[in-house]
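Please look over the model shown here before reading the notes on its fold, cores and aromatic pairs.

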Amino acid sequence: MPNVMIETLPGGLRRKACAQASRLVAILSAAALALAPVPGLAQAPQPKGPPLLRDTEIENLLRDYTRPILRVAGLEKQNIQIAIINDPNFNAFVADGRRIFVNYGALMQSQTPNQLIGVLAHETGHLAGGHLSKLRTQLAQAQTQMIVAMLLGVGAMVAGSKAGPNSGAGNIGAAAISAPQELIRRNLLSYQRQQEENADKAAVKFLDATGQSAKGMYETFRRFTDESLFAARGADPYAQSHPMPAERVRALEELARSSPNWDKKDDAALQLRHDMMRAKTSGFMERPDTVYRRYPSSNTSLPARYARAISTYLHGDPRSALAQIDGLIQAEPNNPYFYELRGQALLEGGRPQEAIAPLRKALSLSRSAPLIEMLLGQALVASGSAASTEEAIRILKSALSREAEAPLGYSQLAMAYGRKGDYAEADLASAQAAFLRGDNKTARALAARAKTRFPVGSPGWVKADDIVEAKSTSK
């Protein structure tokens, strides 16, 4: 019925009604992504997806943080992934029902495991509560309500224009359009505030069930409350997508303090892993002067040495970096990530043959982590020998069987096949790498060329055809 009603309106008013509906849909669609635990800091992913960071050590730690939470939330079998976003702001959110997105800024600014675990538990509360699907339903209902409200308002405006300029009916029609918009907007924001409150309660419940404190979660939210109090002064509490900060934190504190685990501390070994994660993130993501201010030479702790070694490898003297990394290996000879760092430093320093041995060690100690496997494959490809090329193909295919969305693996596989002279497989792997990077035009062209090299109907031809068809139907 709404489509029929729209078609009966005069052209200009019909375009105005459709434009207003489109603006509403855009606003509400953006609101659907605003599920971050900290008011005012949520950032929606870009159209092609957010820029992600990958690291085996950090991802393993985050999995260890979330595994018990997901288990008590009933989501253990849902294969929920943690994705790290290349953004220095403190933020975490859910957007697709199968991943929790967390900015590297949240990793850096969480001083204890408990603080970060609390935030992850809050986001798990959104997933367990089905908030995304429920919010989509609310958005759809709001869109329908808005269209009906606008149509009624436009109808009144049309009637007013026929009654004459002095009748007042036109003003009534304009009010009929604007008033429902504001009411529906407030109802939707109120629904989102309730979701946030429910996620807070669920997080405390999950933490309690796993024998963990909610103090870290409270500390994190309180810190951001203190920073945002000035911005919140005078704000309309019913126009906020999240509860007013002070109100929300007071409720959280009361709930968290009632838990018998309130004063429970993080395990010392877990705290060290957390500190190493923060140091690694600093070393890779921050400027050298910032790293050295945060971890001065006088700080001889393992995390500080880790951060300085990474920063030196990236920005300083390669020999000094390798010496620092060797010192780390001496301190912890069974730490796979120190060998990974040594191999990466040698590989990127133009010494791929020397990088192979430490990367093999890292792979063995990490129980064949696929990202480290890809790095070893890259070193084998760069070493240039025929035997290394064959091994690289085997290793890269093994890694991609478990990490199917890694462009690096496919690009290295393409180079290996190219060295071997297998240009059909090289084109296909290059197309897959471009596909995953979002380079639609290149992916389609490479896949089309790969199809000409494979026998029609062969597995390679079918994979190439899938890419061609996927890209030909995209906009």
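## Basis

This is a predicted model, in which local features need pLDDT of at least 70, side-chain atom pairs count only at pLDDT 80 or more, and totals for chains, interfaces and linings use all residues. Residues are numbered from 1 along each chain as its sequence is written, and side-chain values use heavy atoms, with hydrogens and water left out.

## Overall make-up

The protein has 21 helices and four strands; these are DSSP runs numbered from the N terminus, helices being H or I with at least four residues and strands E with at least two. Of its 475 residues, 47% count as buried, meaning under 20% relative accessible area with a 1.4 Å probe and protein chains only.

Among contacts (heavy atoms within 4.5 Å) with a separation of 6 or more, 65% come from residues 24 or more positions apart.

## Strands

Strand β2 (residues 81-85) is largely enclosed by the rest of the structure, because four of its five residues are buried. Strands count as paired if DSSP finds at least two bridges between them. Two bridges join β2 to β1 (residues 52-53) in antiparallel fashion, with L53 opposite I84. Five bridges join β2 to β4 (residues 99-103), and these two run parallel; I85 has N103 as its bridge partner in β4.

## Nonpolar cores

A nonpolar core is a set of buried Ala, Val, Leu, Ile, Met, Phe, Trp, Tyr and Cys residues joined through side-chain atoms within 4.5 Å. The largest has 46 residues, and Y306, F338, L376 and L413 have the most contacts inside it. Elements that give two or more residues to this core include α12 (302-315), α16 (370-383) and α19 (423-437).

Beyond its neighbours within four places in sequence, L376 contacts I356, L359, R360, L363 and I395. A second, separate core of 41 residues includes Y104, A202, F221 and M277.

## Aromatic pairs

There are four aromatic pairs. Rings of Phe, Tyr and Trp (its six-membered ring) pair if their centres lie within 6.5 Å; planes under 30 degrees apart are stacked, over 60 edge-to-face and the rest tilted. F93 and F101 are stacked, because their ring centres are 5.2 Å apart and their planes at 15°. Both F93 and F101 are buried.

Y218 and W262 form a tilted pair, at 5.9 Å between centres and 50° between planes. Y218 lies in helix α8 (residues 215-232) and W262 in the loop between α9 (245-257) and α10 (268-285), so the pair ties together parts 44 residues apart in sequence. Y218 and W262 are both buried.

Terms used:
Buried < 20%, exposed > 50% of the residue type's maximum accessible area, 1.4 Å probe, protein only.
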